[in-house]
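Dear colleague,

Please keep it open while you read.

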Amino acid sequence: MSTEADAVAPEPGTPAAPLLRERDGGVLVLTLNRPQRLNALTPELHAQLREAVEHAAHDPEVGALVLTGSGRAFCSRGDLGGRNQSQAPLTLEQKADELRHHGETARLLHEMPKPTVAMLNGVAAGAGLALALACDLRIASHAAVLTTAYAKVALSGDLGVSYFLTHLVGTAKAAELLFLSAKLDATEAHRIGLVNRVLEATTLRDSTLELARQLAQGPAVAFRYMKRNLGCAQTGSLEAVLESEAYGMARCGRTQDVKEAAAAFKEKRAAVFKGC
């Protein structure tokens, strides 16, 4: 696995990079790297994360993205004390614009035409939970704890948490999770559909990366249109979904990957997709 963010070791006393970027073949691993603060999101970290996710969405060398955290947390929250106190306070409009800008990270994770996977190594709370829910898949260790946490700090929620919770568990359960801020262990989160798989902590990274490699080596054009169809299904009518599926099937039917899949089936071998 190659490391892009810190290929050169930092000088002694130099702060560690808040976001680590690693490449494993066609998989990009983004690691929130503020373990001493449970990977709480500062404006700086969030800006770096948004830039990295946006770049990955358009990078032809990236077939799948994994988001995780260093240490014992995935991401505990937004860092309420993370802004430089010497800066002038933001106006209401400026703060709303900043939050909307941060929300683009969640939108990109959810809508980028490539599979995204949240690897939940520990607590995912508040904004951290929202980022995890924005991903297509969530793989959790038994050590993971999920909670909305917003009500505990008298905030209403951001980064699309209301949207993702409602679509994953329904309006009533979403309201319960937001109002009461209950802490869910990985088993309960899996039971109600917030996470896809629960693994032992010792196997979490290897198993998640194996899954991500499988996705990165898959039929990229088909995955693009699967995500488009799923997004349409969340907000559109049946007619709109049928239209989206029809176009996607017609487009995928013209790819080299379809021809390769047919040849592999005939020759009784695994298909080798090229993403075109």
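Leu-19 counts as buried, because its relative accessibility is 1%, where buried means under 20% relative accessible area, exposed means over 50%, and partly exposed lies in between (1.4 Å probe, protein chains only). This residue, Leu-19, belongs to strand S2, which covers residues 19–24; helices (H or I, at least four residues) and strands (E, at least two) are DSSP runs, numbered from the N terminus. Between the C-alpha atoms of Leu-19 and Phe-74 there are 12 Å, and the two residues are 55 apart along the chain.

Before going further, please note that this is a predicted model, in which local features need pLDDT of at least 70 and side-chain atom pairs count only at pLDDT 80 or more, while totals for chains, interfaces and linings use all residues. Residues are numbered from 1 along each chain as its sequence is written, and side-chain values use heavy atoms, with hydrogens and water left out.

Another buried residue is Leu-131, with a relative accessibility of 0%, and its place is in helix H3 (residues 127–134). If its neighbours within four places in sequence are left aside, Leu-131 is in contact (heavy atoms within 4.5 Å) with Leu-41, Leu-49, Leu-67, Thr-105, Ala-106, Leu-109 and Leu-159. Ser-207, which is 76 residues from Leu-131 along the chain, has its C-alpha atom 21 Å from that of Leu-131.

Leu-99 sits in helix H2 (residues 92–111) and is partly exposed, with a relative accessible area of 34%.

How do the axes of helix H8 and helix H9 cross? The axes of H8 (residues 220–235) and H9 (residues 238–252) come within 9 Å and cross at roughly 175°, where axes are lines fitted to C-alpha atoms, for helices over the stretch in contact, and angles run from 0 to 180 degrees between N-to-C directions. H8 and H9 are therefore roughly antiparallel to each other, since angles over 145 degrees count as roughly antiparallel, under 35 as roughly parallel, 65 to 115 as roughly perpendicular and the rest as oblique. On the H8 side the contact includes Tyr-225 and Arg-228, and on the H9 side it includes Tyr-247 and Arg-251. The residues of this contact divide into 9 nonpolar, 3 polar and 3 charged, with Ala, Val, Leu, Ile, Met, Phe, Trp, Tyr, Cys and Pro counted as nonpolar, Asp, Glu, Lys and Arg as charged, and the others, Gly among them, as polar.

Within H9, Tyr-247 is partly exposed, with a relative accessible area of 46%. Leaving aside its neighbours within four places in sequence, Tyr-247 is in contact with Tyr-225 and Arg-228, and the C-alpha atoms of Tyr-247 and Tyr-225, 22 residues apart along the chain, are separated by 8.7 Å.

Most residues other than glycine have a negative phi. Ala-149, however, has a positive phi near 70°, and it lies in the loop between strand S9 (145–147) and helix H4 (161–169). Ser-181 also has a positive phi, near 55°; Ser-181 is in the loop between helix H5 (171–180) and strand S10 (184–185), and it counts as buried because its relative accessibility is 3%.

Finally, the residues lining the largest cavity include Leu-129, Thr-147, Leu-165 and Leu-194, and the lining divides into 7 nonpolar, 2 polar and no charged residues. Here a cavity is a set of points, on a 1 Å grid over the protein atoms alone, where a 1.4 Å probe fits but cannot get out, and lining residues have an atom within 4 Å of a point.

With best wishes

Technical notes. 1 Å grid on protein atoms, 1.4 Å probe; cavity = no way out; pocket = protein on both sides within 12 Å on 5 of 7 lines; lining within 4 Å.
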